Structures are given as structure tokens and as C-alpha cells.
Amino acid sequence: MAMDRVPDVPVARTYGRLVRMAGLTMEAVGCRLSTGQRCMVETDQGDYIEAEVVGFDRNASVLMPIRHATGLRPGSRVLPLHGDSKISVGYGMLGRVFNGLGEPLDEKGAFTQEHRINLQGESINPLKRLPISRQLDVGVRAINGMLSVGKGQRMGLFAGSGVGKSVLLGMMTRNTTAEITVVGLIGERGREVREFIEHSLGEDGMKHAVVIASPADDPPLMRLRASVLCHRIAEYFRDQGHDVLLLMDSLTRYAQAQREIALAVGEPPATKGYPPSVFSLLPQLVERAGNGATERGSITAFYTVLSEGDDQQDPIADAARAILDGHIVLNRELAEQGHYPAIDIEQSISRAMPQVVSPEQLSQAQRVKQLYSRYRQVQDLISLGGYHPGQDHQLDLAVQSYPMICQFLQQKMNEKVTLEDSQMQLLQLSGGQF
């Protein structure tokens, strides 16, 4: 019958009302809302602002807007939205820049959707996730040779401000052998978004990249959503069988956005002003990266972690080290000496390196690291003239090798060094003299 083919149409729509707005949060009554549910709040101009339920207080639901909220008043209508959040994904995203809602920012026209998927994807059973066994070429000699990264590994890039982390991310994006790159620029200065795209990524880097940008002036909920979005896009391409390089700058801004939300809804601060929910959400986010349950496809992720004042004991930096598969530390002293990329191989480590490189390369890298560390320990003594050759063979070898090691670790911004070249140059560096 024709009536059987007519979909169910609701006979009424339930609206709530705003009763309070303080700081970043709004309170609504009159409708049943659950945490995480989306709703639309009507403004005086008749427009709607999307908000999300982040908590409740007795009968009042606590909302937080995804965009900047203006034109609201007591009694503004609140319309609940039902169903999961959906995002549009597809190969048409390559070379494009989007905000945290998946809307284009690059003025290249609307994105023609190919697939619609849930923003919150299902997690993979850890017993079905494939182990890390294949090395990924990132085009940076110091990483390929000394801190080898496997496909599906999650690395932290620990750096203070102004030590070259954006340049290093751009080098990896342009030079990697990963088929697709997803870049999340979360909570950075607005001007840096365009600078990173034009100068660090460049035209070649953008061809196979998707950029999700949510600068510092976005509301905290938008920054959180952008962080989840870049992971979900990377998961989509991984599930299509591609090796994906995910670069998120930065994990610290993601934690700070969650801190703003948690403090606004009344959660008490715990460690240096960070509420407990921050340390709960960090592993939930980074666990989305990695290998999938099939042989094809992987997400290799690099998360930048801002070390305020170059403090490596910052609570976010400490938590990130515990949940990631290794960390690369950028040293301000090296940057001030003109040593780029300013990777401190003494403090850096790749936990998956033994599984993806040969025993010979692992032994060579460890030997180079030992000699580099030995020289750095007595560098001040050498400068003061307290070093006398011939008294310590290992120290003599470290002094002789230090200039060659530094040359090996340095690389020009536009220079690409393949995995094979990195291994060959590491072998030449060791060359049996160690």
C-alpha cells in the first residue's frame, strides 16, 4: 500500500529553553538531553548555533557551543538533534583545507562527498591489531637512521617554541613514502596555518595531504572536534588500504582545550591545573592511530608536544611519553647553534626500532649514540683545554667522530634523504672505525 511506503513523520518537535549562560557554558531546561548529544540554539536573528551537551546539573543540561555564540538571550529555544554525528570523506579531500566541522576553508568550492561515516568510529580489538613490522621512510636522515619509525607507530615530537618543529613536520610531509598525509593544526596561531601550508608543506606536499585547521581563537569544543576529525579521516584512508602519515600539532593544545571544557563544567583541577578527564582522553585519542586488523593500511602518527620552558616534566609531556611508542626531542641549544633539525639523539628513542631494522643497523645506531653522548659529557672540559689525547681511547674516538656525526644528523630543509641512503650513510659513518 502507498501508506506503508510513507516514512514516519513526527507530529511534534520538542524544544528546550536557555535559562543561564556563564563563560563558555549554557544551561537548558525543558527537554531531555544526554551527554554528547548535539542540539541547535536559536539566536535573536533567527539563526541557529550548534552546541553539544557536556554535562548536566540536576534537571538542567550544560551545553557548550561549537562556534562562537552571540545573539543569545534568556528563553532562547534549544532544538535537540538525534542520531550520530556524520562526516563526509573521500579522495576529493586531498589537497584541501577544512575546519573542525569538515567545512572547506580554502575557497576552492564545496567538497563533493563520496562517503558518509560516523565521527566516532569503532575501536579495534587490541588482539586483532597487527604488530609493527615494516619501516616507514620519512625522508629525514636522523630519523631514518637513528630513530627508525615503523608503519603504525605513534611518536611524540617534544619541543619548545621556535626550535623548528613545524619545519620538521613539513619535511616529513614532503619526503615521506606514505601515500596520504593528514595534518591536524590544533590550537596554533591563525597566521601559522597559512605559513605552514605555503612554506612548510608547499605545493608538492599538499598534493597528497588533507589539512584540518582549528586555530587558537576557535572555541575549545571546535578544537576537540578537529582533533577527532583528523584521526577519523586517517582511519578512513587506512581502511581503504593506504599507508597514512598523521601529523597533529599539537597534542598539548588538545589537552588544553579539554581542560577549558572540564573546568567550565566544574571538574576540579588535579595536576598543575589539568583535571583528571584530560589524562583519560589522551589515550582514547592516540589509540585511534596505528595498524588496522588487515595486512593493508596503517596510520603512522607524529604528535607534537609543547614543552613549556623546555620542561620535559610537564604533566602532558610526561603522560604522552607513557602512551606513545617513542619520542623525538628537539633541543633549543642545538637550534641556537644552527644544528637543524635540532634532534637530540641522547634524549630521543624509538621503541619499535628493534622490530623494523636489521641487527647491524641497530648496533651501528647505538654505537653512534654512545660516541655522541660521550663527547657531549666532556664538551665543556674540552673547551677549557682539559682534554689530552691518548689517555682514553674511547674519548679520542668520540672527539674524532663528533664532527662527522653532527654532519650526519643535520639536513637542509629542502633536502630529501631516502631510507636506503640513510642506511648507507650510517654504515659509512661507522665504517668499521667504531
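Helix α2 (residues 165–175) packs against helix α3 (residues 190–206) at an angle of about 10 degrees, the two axes lying 9 Å apart. Axes here are lines fitted to C-alpha atoms, for helices over the stretch in contact, and angles run from 0 to 180 degrees between N-to-C directions. Helix α2 is therefore roughly parallel to α3, given that angles under 35 degrees count as roughly parallel, over 145 as roughly antiparallel, 65 to 115 as roughly perpendicular and the rest as oblique. On the α2 side the contact (heavy atoms within 4.5 Å) is made by S166, V167, L169, G170, T173 and R174, and on the α3 side by F196, H199, S200, L201 and G205. By class, this contact has four nonpolar, six polar and one charged residues. In that classification, Ala, Val, Leu, Ile, Met, Phe, Trp, Tyr, Cys and Pro count as nonpolar, Asp, Glu, Lys and Arg as charged, and the others, Gly among them, as polar.

The model is predicted: local features need pLDDT of at least 70 and side-chain atom pairs count only at pLDDT 80 or more, whereas totals for chains, interfaces and linings use all residues. Residues are numbered from 1 along each chain as its sequence is written, and side-chain values use heavy atoms, with hydrogens and water left out.

The overall architecture may now be considered. The chain has 13 helices and 19 strands; helices (H or I, at least four residues) and strands (E, at least two) are DSSP runs, numbered from the N terminus. Along its principal axes, the C-alpha trace spans about 90 × 50 × 40 Å. Of the 434 residues, 54% count as buried, where buried means under 20% relative accessible area, exposed over 50%, and partly exposed in between (1.4 Å probe, protein chains only). Among contacts between residues at least 6 apart in sequence, 73% join residues at least 24 apart.

The chain is divided into domain 1 (16–80), domain 2 (86–357) and domain 3 (361–431), with bounds that come from an automatic or database domain assignment. The C-alpha centres of domain 1 and domain 2 lie 31 Å apart. Between these two domains, 12 residues of domain 1 are in contact with 14 residues of domain 2.

From α10, the residues R367, V368, L371, Y372, R374, Y375 and R376 meet Q394, L395, L397, A398, V399, S401, Y402, I405, C406 and L409 of α12. The contact of α10 with α12 has 12 nonpolar, two polar and three charged residues. Of the residues named, C406 is buried, with a relative accessible area of 10%.

Another cysteine, C39, is also buried, at 0% relative accessibility. The structure holds zero disulfides, a disulfide being a pair of cysteine sulfur atoms within 2.5 Å. For C39, the closest cysteine sulfur belongs to C31 and is 7.2 Å away, too far for a bond.

Helix α4 (residues 220–239) contains R238, which counts as buried at 4% relative accessibility. Leaving aside neighbours within four places in sequence, R238 is in contact with I124, R129, V244, R288, A289, G290, N291, G292, R296, G297, S298 and I299. In helix α6 (residues 276–286), P283 is partly exposed, with a relative accessible area of 26%. P283 and L246 are 37 residues apart in sequence and 16 Å apart in space, C-alpha to C-alpha.

Several backbone features occur in loops. A cis peptide bond joins D249 and S250, with omega about 10 degrees; S250 lies in the loop between β15 (243–249) and α5 (251–264). A cis peptide bond also joins Y340 and P341, with omega about -10 degrees, and P341 lies in the loop between α8 (332–336) and β19 (349–350).

Positive phi values are found in residues other than glycine. R58, in the loop between β4 (48–57) and β5 (60–65), has phi near 55 degrees and is exposed, with a relative accessible area of 75%. K272, in the loop between α5 and α6, has a positive phi of about 50 degrees. The relative accessible area of K272 is 57%, and this residue is exposed.
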